Amino acid sequence: MDFFTFRNGVLHCEERSAAELAGAYGTPVYVYSQRTLCDHFDRFRAALAELDPLICFSIKSCQNVQICRLLRERGSGFDVVSGGELHRALLAGADPQRIVFAGVGKTEQELTEALDAGVGLLNIESESELDVLEALARDKGAQPNAALRVNPDVDPHTHEYTTTGKKQTKFGVDLDRAADVFRRHGPDAAVNLRGVHIHLGSPVYDVSAYAEALDRCLELITTLRSEGFAIDTIDVGGGFGAHYDGSESPPLTAYADVIVPRLRDAGLRVIFEPGRTIAANAGILLTRVLHVKKSGGRRFVIVDASMNELVRPALYGAYHFIWPVTAAGHEPQTRVADQPFKDLVPYDVVGPVCESGDFLAKQRALPPVQRGDLLAVFSAGAYAMVMASQYNSRPRPPEVLVDGATDRLIRRRETYEDLVAAEELSGT
Ligand code: LLP
């Protein structure tokens, strides 16, 4: 699953001791495993190899340019949703033709940047956006390739906030109006509307949602083709699962089993936009215990990481496995909360931020913890640093990439100067 393992009672990232990394870089710190990133990318590619797809790593899940560069060297393209993400993809050396650009509210500036960069596929989310792109493309004499993001109205059975392919969400164009968008746009327009894009939600553990959505898209494509539209691309989006407690995600082969037979002979170029399935378990967040206290009958472990560094528990009630980095005699057997030890203590693991929603875990059974101990928060490679904020004027932590026995800083810790760098201080 990944290369974070306990050896002789100490957590290691590949060959590096997490305790030593925390000593060298301070806490909180995000630590990524290069081997895990590469392994997950390779596994994804292998599972879907029959389709010879373009795999566009979803930058929003883990955006560090060094990590993007690593995945680009491995063969990845990129899924971006903003001018800023496009900038990162280009900095990582991406071939613009291997970039897909989605997003429900692209500005004219962002569309212009996409045209200037020559991105391979613009995923259009509304008729209004298509009109704007059409006008911009005519002005520039550009002929961008585009796909229409359709909303297939399939329930992916995931958190409400990350459900995107169901009616009444803001994403894409309703499936039953999609054919009309193609008809109205016409075949001779500047924008070459040649594909269909979906993204159902994240994470989607129910593989049948892909089956249902693809069947609906293929029906649409058959209709469009019968009317003379040359549809040659399908972008299946992301949403592929990752293990948080070690048991919830179907294997990639289970996704492939429903996707490959449907697309094998469809005469379509296939694109995927995986994020979480590659990055989530390629990173951990190391945090030090500042204080332990009892209050209102509960035991609180107050750590130096917070909802700023990992907002998922506060925002989605998400589960992240947490365990002491040095755990001699208590090496966890799995990543479920229930570990087979008798002397565990239920703690609320909370941060220093001034919100009661600032917690990483509630009533979590851990070995007895004391001030100065180091804890690892697992599955923090995706949607962790990318969603980090500076709330309470807390500088964001560094990111470290481990490769075998070597480690390197890929983003430095922010300073107090960084906190105010964009503010106009000259008038004060
Ligand atoms: N493509 C599109 C158009 C997307 O909107 C997303 C994610 C992806 C691909 C990548 O999805 P993935 O393979 O990573 O599931 N912050 C939430 C997740 C939000 C996902 C947003 N869109 C979380 O922490 O769970």
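The side chains of Asp 42 and Arg 45 form a salt bridge, with 3.5 Å from N to O; the term stands for a side-chain nitrogen of Lys or Arg within 4 Å of a carboxyl oxygen of Asp or Glu. The model is predicted, so local features need pLDDT of at least 70 and side-chain atom pairs count only at pLDDT 80 or more, while totals for chains, interfaces and linings use all residues. Residues are numbered from 1 along each chain as its sequence is written, and side-chain values use heavy atoms, with hydrogens and water left out.

Both Asp 42 and Arg 45 belong to helix H2 (residues 34-47), where they are three residues apart, about one turn of the helix. Helices (H or I, at least four residues) and strands (E, at least two) are DSSP runs, numbered from the N terminus. Asp 42 is partly exposed, at 26% relative accessible area, and Arg 45 is also partly exposed, at 34%. Here buried means under 20% relative accessible area, exposed means over 50%, and partly exposed lies in between (1.4 Å probe, protein chains only).

Asp 42 also forms a salt bridge with Arg 74, at 2.6 Å from N to O. Asp 42 lies in helix H2 and Arg 74 in helix H3 (residues 65-74), so this pair ties together parts that are 32 residues apart in sequence. Arg 74 is partly exposed, with a relative accessible area of 34%.

Helix H3 can be followed from its start to the residue after it. At its start, a side-chain oxygen of Asn 64 comes within 2.7 Å of the backbone nitrogen of Gln 66. The buried residues of H3 are Val 65, Ile 67, Cys 68, Leu 70 and Leu 71. After H3 comes Gly 75, which has a positive phi near 115°.

Another salt bridge joins the side chains of Glu 127 and Arg 177, at 2.1 Å from N to O. This pair links distant parts of the chain, with Glu 127 in helix H6 (residues 127-140) and Arg 177 in helix H7 (residues 175-185), 50 residues apart. Glu 127 is partly exposed at 22% relative accessibility, and Arg 177 is partly exposed at 38%. Over the whole structure, a search finds 28 salt bridges.

The next topic is the interior. In soluble globular proteins, nonpolar side chains tend to be buried together. A nonpolar core is taken as a set of buried Ala, Val, Leu, Ile, Met, Phe, Trp, Tyr and Cys residues joined through side-chain atoms within 4.5 Å. The largest nonpolar core of this model has 132 residues, and Leu 122 and Ile 259 have the most contacts inside it. Helix H8 gives the most to this core, with ten residues. At least three residues of the core come from each of domain 1 (4-31 + 280-420) and domain 2 (34-278); these bounds come from an automatic or database domain assignment.

With residues up to four places away in sequence not counted, Ile 259 touches Leu 48, Leu 51, Tyr 210, Leu 214, Val 236, Phe 240 and Phe 272, where contact means heavy atoms within 4.5 Å. A second, separate core has six residues, among them Val 100, Leu 121, Ala 147 and Ile 271.

Most residues other than glycine have a negative phi, and most peptide bonds are trans. The peptide bond from Thr 27 to Pro 28 is cis, with omega near -10°, and Pro 28 sits in the loop between helix H1 (18-25) and strand S4 (29-33). A cis peptide bond also runs from Ser 202 to Pro 203, again with omega near -10°.

Two asparagines have positive phi. For Asn 8, phi is near 50°, and the residue lies in the loop between strand S1 (4-7) and strand S2 (10-13). Asn 8 is exposed, at 79% relative accessibility. For Asn 392, phi is near 65°, and its place is in the loop between strand S19 (374-377) and strand S20 (399-403). Asn 392 is partly exposed, with a relative accessible area of 34%.

Terms used
A polar contact is a pair of N or O atoms within 3.5 Å; within protein, one must be able to donate a hydrogen and the other to accept it, and residues adjacent in sequence count only if both atoms are side-chain atoms.
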